[in-house]
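Biologist: Could you walk me through this one, please? I'd like to go question by question.

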Amino acid sequence: MYIIATSTDSSGGSMGIFRTLRIVRAIRVLRLLRMPMMKQLALMLDGFVEGLRTLFWASCLLVVLFYILAVTLTQITSTSELGNAAQMFTTVPRAMDTLFRCLVATDCNTP
């Protein structure tokens, strides 16, 4: 419940009471965080954040690997005649896209 009070009093007497009530309400909410159920929730959130951190670094490693493979395959296909494969690896971004589509098992045969 929010109570909005306007006071023209320069001493701020009524506003001080509302400020105190607001602080007491915040303390009551913080006390709820010490319940056992909230500790388990905090543990789950910590695990989720750590999992996201690991997922971020795994994604970075995958992008670096795709880049290295894309550069290598672009160089290899530029000197050989492979037909449709040469079209899929003409540039590094296109080669990275082709590698990603092949990784997720979508149609990687179309340029």
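**Cysteines, helices and a patch**

Modeller: Let's start with Cys-60, which is partly exposed because its relative accessibility is 29%; buried would be under 20% relative accessible area and exposed over 50%, with partly exposed in between (1.4 Å probe, protein chains only). Bear in mind that this is a predicted model, where local features need pLDDT of at least 70, side-chain atom pairs count only at pLDDT 80 or more, and totals for chains, interfaces and linings use all residues. Residues are numbered from 1 along each chain as its sequence is written, and side-chain values use heavy atoms, with hydrogens and water left out.

Biologist: How many disulfides does a search of the whole structure find?

Modeller: Cys-102 is partly exposed, with a relative accessible area of 36%. A disulfide needs a pair of cysteine sulfur atoms within 2.5 Å. Searching the whole structure for such pairs, the number of disulfides is zero.

Biologist: Which residue forms a salt bridge with Arg-101?

Modeller: A salt bridge here is a side-chain nitrogen of Lys or Arg within 4 Å of a carboxyl oxygen of Asp or Glu. Arg-101 counts as buried, since its relative accessibility is 15%. With the closest N and O atoms 3.2 Å apart, the partner is Asp-97.

Biologist: And which residue pairs with Arg-53 in a salt bridge?

Modeller: Look three residues away in helix 2, about one turn of the helix. An α-helix has 3.6 residues a turn, so residues three or four places apart point the same way. The closest N and O atoms are 2.9 Å apart, and the partner is Glu-50.

Biologist: Why are the buried residues of helix 4 on the same side?

Modeller: Those buried residues are Ala-95, Thr-98, Leu-99 and Arg-101. They share a side of helix 4 because the arc they cover around the axis, taken from the directions from the helix axis to the C-beta atoms, is only 165 degrees.

Biologist: Which helix gives the largest share of the nonpolar patch?

Modeller: The patch is about 510 Å² of surface, made by Leu-62, Leu-65, Leu-69, Phe-100, Leu-103 and Val-104. Patch residues have over 30% relative accessible area and no salt bridge, with nonpolar side chains joined within 5 Å (like charges within 9 Å). Helix 2 (36-79) and helix 4 (92-103) each give two or more residues. The largest share, three residues, comes from helix 2.

Key: Areas by Shrake-Rupley, 256 points an atom, 1.4 Å probe, with all protein chains shown as cover. Helix = DSSP H or I, 4+ residues; strand = E, 2+ residues; numbered from the N terminus.
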